[in-house]
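Here are a few notes to go with the structure you asked about. Keep the 3D view open while you read, and take the points in order.

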Amino acid sequence: MTGTDADATTRRSVLRDVAERVSADPALATHGLGRAIRLLLKELDLADSHAKGQAVLDLVGQPTVADRVQIGGGAHLLEGFLNIDIVPPADLVFDVREGLPLGDASSDLIFNEHFLEHIDYPVSAKRFVAECHRVLRPGGRLVIGVPNARMVIEGYVKGDEELRQRLLADWYANREGRDEHFTTYLDLVNYVFRDQDDSDRYTPHLWAYDEERLSGLCLEQGFRTVTPWPFDPELANPDREWGSVYIEAEK
């Protein structure tokens with residue numbers, strides 16, 4: 001770790017200490033401030049994890065090269081892939097909102113599912129797709145899977161109660177307070193689009209996508225073609241097939 005990195009770690013530690021003390025003081029931590037501090041503490045943890053991953057890369061001292069890459073797979077690790085995520089058990093712990101730790105034209109396939117909706121749009125989402133374009137070789141493919149926002153909207157407009165019940169059962173069966181907070185169809189739509197549950201168990205949803213938005217996002221960043229991706233359970237998580245939309249963008 002360089003002196004600059006150690007300095008940044010120290011400053012984050014000081015900031016964390018202040019945040020924790022404010023959070024513990026009921027005279028200071030209003031409801032809104034308490035939520036903001038909890039989010040700050042989460043981001044400080046992610047920044048520490050990112051710094052450790054960057055330190056590993058600095059020791060290697062050269063751009064990473066991997067034919068196949070998975071981004072944000074969590075515990076769903078893919079054999080034969082370089083699995084990159086901000087939390088273990090990834091092969092490489094790295095915050096891809098800061099870019100991709102891979103060399104130019106170094107990969108043939110980048111795969112991610114139920115990741116994009118968890119990063120901010122437009123800045124991080126567009127940067128991520130642009131970075132994927134940079135990293136892929138000519139003819140390389142980017143596969144993205146996300147919750148299908150169009151399906152949810154159409155179900156809401158039609159009042160499709162069968163779809164609503166399946167969404168509740170498949171996506172939110174274990175959510176604490178579900179019966180209290182999902183009392184209308186619009187509550188469900190809001191959770192799918194912008195899940196802001198103030199909990200350590202869940203990562204917020206920050207943007208919603210359909211096939212058109214995914215296609216536009218990739219084309220805007222220079223991909224030549226975008227087509228629907230035929231679901232492959234050997235690559236994707238079988239639990240994600242229903243209710244998701246997948247696209248494949250070719251460089």
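Is Tyr156 buried, partly exposed or exposed?

1. Before we get to that, keep in mind that you're looking at a predicted model.

2. Now for the question. Tyr156 has a relative accessible area of 37%, so it counts as partly exposed, because that class runs between the 20% limit for buried and the 50% limit for exposed. To find Tyr156 in the viewer, go to helix α4, which covers residues 149-158.

3. Next, look at how α4 sits against helix α7, residues 185-194. Their axes come within 10 Å and cross at roughly 170°. That makes the two helices roughly antiparallel, because angles over 145 degrees count that way.

4. Which residues meet there? On the α4 side you'll find Ala149, Val152, Ile153, Gly155 and Tyr156, and on the α7 side Tyr185, Leu186, Val189, Val192 and Phe193.

5. Ser106 is buried, since its relative accessible area is 3% and the limit for buried is under 20%. Leaving out residues up to four places away in sequence, Ser106 touches Thr64, Val65, Ala66, Asp67, Val135 and Arg137.

Technical notes:
Residues are numbered from 1 along each chain as its sequence is written. This is a predicted model: local features need pLDDT of at least 70, side-chain atom pairs count only at pLDDT 80 or more; totals for chains, interfaces and linings use all residues. Side-chain values use heavy atoms; hydrogens and water are left out. Buried means under 20% relative accessible area, exposed over 50%, partly exposed in between (1.4 Å probe, protein chains only). Contact means heavy atoms within 4.5 Å. Helices (H or I, at least four residues) and strands (E, at least two) are DSSP runs, numbered from the N terminus. Axes are lines fitted to C-alpha atoms, for helices over the stretch in contact, and angles run from 0 to 180 degrees between N-to-C directions. Angles under 35 degrees count as roughly parallel, over 145 as roughly antiparallel, 65 to 115 as roughly perpendicular and the rest as oblique.
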